[in-house]
Amino acid sequence: MNFTDRLHEAGKALWHKSMVHPFIKELQSGELPIATFKFYLLQDRYYLREFSKLHKLIAAKTDNQEVKEFLLAGAQDLKDVEISVRGHFFEELNITASEIAETPVAPTAYNYVNHMHMTLNRSGVKPAVAALLPCYWLYQEIGEKMAEKGSPVSYYQEWIDTYDGEWYGANVAKMLHLTNSLAESATNEELEQMQTAFVRSSYYELQFWQMAYEKQDWK
Ligand SMILES: Cc1ncc(CN)c(N)n1
């Protein structure tokens with residue numbers, strides 16, 4: 001059993017709740033209000049930028065050349081592909097620069113990002129890499145599942161396609177490989193910290209849909 005199989009098992013119940021969350025169900029059926037999708041995109045813009053920065057921060061802290069190279073390439077890839085696909089959504093959905101500037105980060109997006117920074121600062125590289133993993137892996141599972149039926153709304157279909165493609169799958173495979181190779185040299189305490197970080201990120205992935213669904217604010 002790979003270490004990532006153990007992680008998958010630990011996150012399974014939370015991942016299932018993500019799969020059946022109304023945000024995902026309605027994205028698939030096409031019933032999700034565009035305003036809810038826009039809210040998600042605005043919060044995810046903040047998230048993806050921080051996620052890309054985290055790749056660089058973790059890369060700066062590791063001596064493992066393979067991990068460093070993948071994280072630096074991953075940070076660039078996020079900008080070139082996922083963030084740029086989102087830029088295209090922003091144009092098509094008329095999300096203006098002032099709308100972006102005036103949108104405060106919502107509590108869950110803020111907490112999720114803080115959790116990853118905290119994991120890196122308190123527990124180091126191995127748990128921090130495990131904290132990044134659900135972002136890659138859960139979206140691949142959701143994208144593949146949703147691609148079986150597709151969505152009648154073109155924006156939603158485009159969103160699904162991002163996570164069902166070859167490029168995305170190759171990055172997930174690489175992240176799984178790196179996590180397993182880091183786990184091989186980890187102490188039991190580090191393995192526990194990796195699992196905790198993975199489960200907490202899985203929790204925040206679930207909360208992220210809910211945040212968008214209820215357009216969460218600080219009130
Ligand atoms: C919150 C979140 N998690 C995961 C992904 C997919 N990389 C994303 N765009 N946003």
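Let me begin with Ile-142, whose place is in helix 7, helices here being DSSP runs of H or I with at least four residues, numbered from the N terminus. What we have is a predicted model, in which local features need pLDDT of at least 70 and side-chain atom pairs count only at pLDDT 80 or more, while totals for chains, interfaces and linings use all residues. Residues are numbered from 1 along each chain as its sequence is written.

Is Ile-142 buried or exposed? Ile-142 is buried, because 22 other C-beta atoms lie within 10 Å; a residue counts as buried with 20 or more other C-beta atoms within 10 Å of its own, as exposed with 12 or fewer, and as partly exposed in between, the C-beta atoms being placed from the backbone. If we leave aside its neighbours within four places in sequence, Ile-142 is in contact with Ser-18, Met-19, Ile-24 and Tyr-163, where contact requires C-beta atoms, placed from the backbone, to lie within 7 Å. Ile-142 and Ile-160 are 18 residues apart along the chain, and their C-alpha atoms are separated by 8.2 Å.

Turning to helix 2, which covers residues 22-29, we find that its buried residues are Phe-23, Leu-27 and Gln-28. Seen down the axis of helix 2, these buried residues fall within an arc of 130°, so they line one face of the helix; the arc is that of the directions from the helix axis to the C-beta atoms. After helix 2 comes Gly-30, with a positive phi near 90°.

Helix 10 itself runs over residues 188-213, and its 26 residues reach 38 Å from the first C-alpha to the last, close to the 38 Å expected at 1.5 Å a residue, the expected span being 1.5 Å times one less than the number of residues. Asn-188 and Phe-51 are 137 residues apart in sequence and 27 Å apart in space, C-alpha to C-alpha.

Lys-215 is partly exposed, because 14 other C-beta atoms lie within 10 Å. Asn-94, in the loop between helix 4 (65-92) and helix 5 (97-102), is a residue other than glycine with a positive phi, near 55°, and Asn-94 is exposed, with 8 other C-beta atoms within 10 Å.

Now to the ligand. Which residues surround the ligand? They are Asp-44, Tyr-47, Leu-48, Glu-82, Cys-135, Tyr-139, Glu-205 and Phe-208, a residue being near a molecule if its C-beta atom, placed from the backbone, lies within 6 Å of it. The elements that give two or more residues to this shell are helix 3 (34-61), helix 7 (125-149) and helix 10, and the largest share, three residues, comes from helix 3.

Finally, the UniProt record, an unreviewed entry, places the feature "domain: Thiaminase-2/PQQC" at residues 12-214. The end C-alpha atoms of residues 12-214 lie 24 Å apart, and the span is 87% helix and 0% strand, a strand being a DSSP run of E with at least two residues.

Technical notes:
UniProt positions renumbered as here; feature names shortened; annotations may be inferred. Contact = placed C-beta atoms within 7 Å.
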